[in-house]
Amino acid sequence: MAIPQTGIFALGDAAHIYLEFNRTAGTDALPFVREVVDIHEPRTTVGGVNIVIGFRPELWRSVAPQESPEQLTGFNAPLTGSDNYVMPATQADLWLWIAGASYDVAFDVARNAIAKLARVAVLERELSGWSYRHSRDLTGFEDGTENPALIVAPHIVTIPDDAPGAGGSILLYQQWRHASAAWEALPSEAQERVIGRTKPDSIELAEDVMPPDSHVSRTTVEEDGEERKIFRRNTAYGSVSDHGTVFVGFSPDQDRLNRMLRRMAGTEDGMRDALTRYTTPLTGAYYFIPSLQALQLFASETA
């Protein structure tokens, strides 16, 4: 059985650092991947810090076609929805997610990774995330309510053993800035209609009162009457005056993530997610998160 990268499911970390890199000019895909994998031994954690590695889908396919999902592509063009609403595309070659119990240990590991990759990669974006009120985002609502239970999550959101890329997962990574003043000007009842859940206890609104443009309605993707779940590891980011949500969503296939974004943007039926009136996407990228065995194929003997 292919084993997924364990950091995907390592709940409870308070400090998070997200790094996106592009290859330096003249660096081929194979030596690039080898340098990345050698950042750490992929079967273990480093000093209590989890590192999750993701690659641009096209780049990973060029070095490991047998370990790559078919037809997986990067976020290579902006997604335009109704009312000229746009989700930007900011695809890079490499994504590193470094998470730990405290920011200082994550900080040291992130600095070390940047230094080790300096010969082959250029840092494009850096973002720090943190837990807010244990399990809530900066709207004040609980985040990840519909996540599958941890005991079954690896089987639900990773690629099955009989498919290319087994044990891997597809990541959708976005930074969303919140318009907090406008959001907090809404009464709680109005906020609940935007989200589709009650605020204190995160109970989904009844079907007969659920607004069709609520966040719950627009992000629920079903096929043959069954919900196609994803696994969210979102965090808060930013300062008091400029902040929002880091969306970190894992899936065994890209289609359900694509459909979720199209429904949010109103591309399918012209109806936008009401939450997009109060949040703005600043980035957008897809990364393939290979299994530990797939990463090990590129590890040097001294890693």
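## Strands, helices and buried residues in a predicted model

Strand E5 covers residues 94-100, and seven of its seven residues are buried, so this strand is largely enclosed by the rest of the structure. The model is a predicted one. From E5, Leu94, Leu96, Ile98 and Gly100 point one way. Trp95, Trp97 and Ala99 point the other way. Residues on both sides of E5 are buried.

E5 has strand partners. Strand E1 (residues 15-23) runs antiparallel to E5, and seven bridges join the two. Here Ile17 stands opposite Ile98. Strand E2 (residues 50-55) also runs antiparallel to E5, with six bridges between them. Ile53 of this pair has Leu96 in E5 as its bridge partner.

### The chain as a whole

What does the chain contain in helices and strands? There are nine helices and 14 strands. The chain has 303 residues, for which a compact globule would have a radius of gyration near 19 Å. The value for the chain is 19 Å, which agrees. Along the principal axes, the C-alpha atoms fill a box of roughly 60 × 40 × 40 Å.

Buried residues make up 54% of the 303 residues. The accessible surface comes to about 13600 Å². Carbon and sulfur atoms hold 51% of that surface. Among contacts with a separation of 6 or more, 78% link residues 24 or more positions apart.

The chain carries 26 positive and 41 negative side chains. The centres of these two sets lie 4 Å apart.

### Strand E7 and its partners

Strand E7 spans residues 169-178. Nine of its 10 residues are buried, so E7 is largely enclosed by the rest of the structure. Which strands pair with E7 in the antiparallel sense? They include E12, E14 and E13. The table sets out these pairings.

| Partner of E7 | Residues of partner | Bridges |
|---|---|---|
| E12 | residues 243-251 | eight bridges |
| E14 | residues 285-289 | five bridges |
| E13 | residues 279-281 | three bridges |

Ile170 stands opposite Phe288 in E14. Gln174 stands opposite Phe247 in E12. Trp176 has Thr245 in E12 as its bridge partner. Arg177 has Thr280 in E13 as its bridge partner.

### Strand E12

Is E12 mostly covered or mostly uncovered? E12 is mostly covered, with nine of its nine residues buried. Tyr237 stands opposite Gly244 in E12. E11 and E12 form a hairpin, with four residues between them. Strand E10 (residues 231-232) is joined to E12 by two bridges, again antiparallel. Arg232 has Gly249 in E12 as its bridge partner.

### Two buried residues

Gln254 sits in helix H8, which covers residues 254-265. Its relative accessible area is 10%. The cut-off for a buried residue is under 20%, so Gln254 counts as buried. Which residues does Gln254 contact, neighbours within four places in sequence left aside? They are Gln71, Leu72, Thr73, Ile170 and Tyr286. One of these, Ile170, is the residue opposite Phe288 in E14.

Tyr287 is found in strand E14. Its relative accessibility is 0%, so Tyr287 counts as buried. Tyr287 and Val109 are 178 residues apart in sequence. In space, C-alpha to C-alpha, Tyr287 and Val109 are 21 Å apart.

### Helix H6

Helix H6 runs over residues 188-195. Which of its residues are buried? They are Ala190, Gln191, Glu192, Val194 and Ile195. The cover over these buried residues includes helix H5 (180-184) and helix H7 (215-219). Just after H6 comes Gly196, which takes a positive phi of about 95°.

Key: Residues numbered from 1 in each chain as written. Predicted model: local features only at pLDDT ≥ 70, side-chain atom pairs only at ≥ 80, totals over all residues. Heavy atoms only, no water. Rg over C-alpha atoms; globule rule 2.2 N^0.38 Å. Buried < 20%, exposed > 50% of the residue type's maximum accessible area, 1.4 Å probe, protein only. Contact = heavy atoms within 4.5 Å. Areas by Shrake-Rupley, 256 points an atom, 1.4 Å probe, with all protein chains shown as cover. Lys, Arg positive; Asp, Glu negative; His and termini not counted. Charge placed at Lys NZ, Arg CZ, Asp CG, Glu CD. Pairing = 2+ DSSP bridges.
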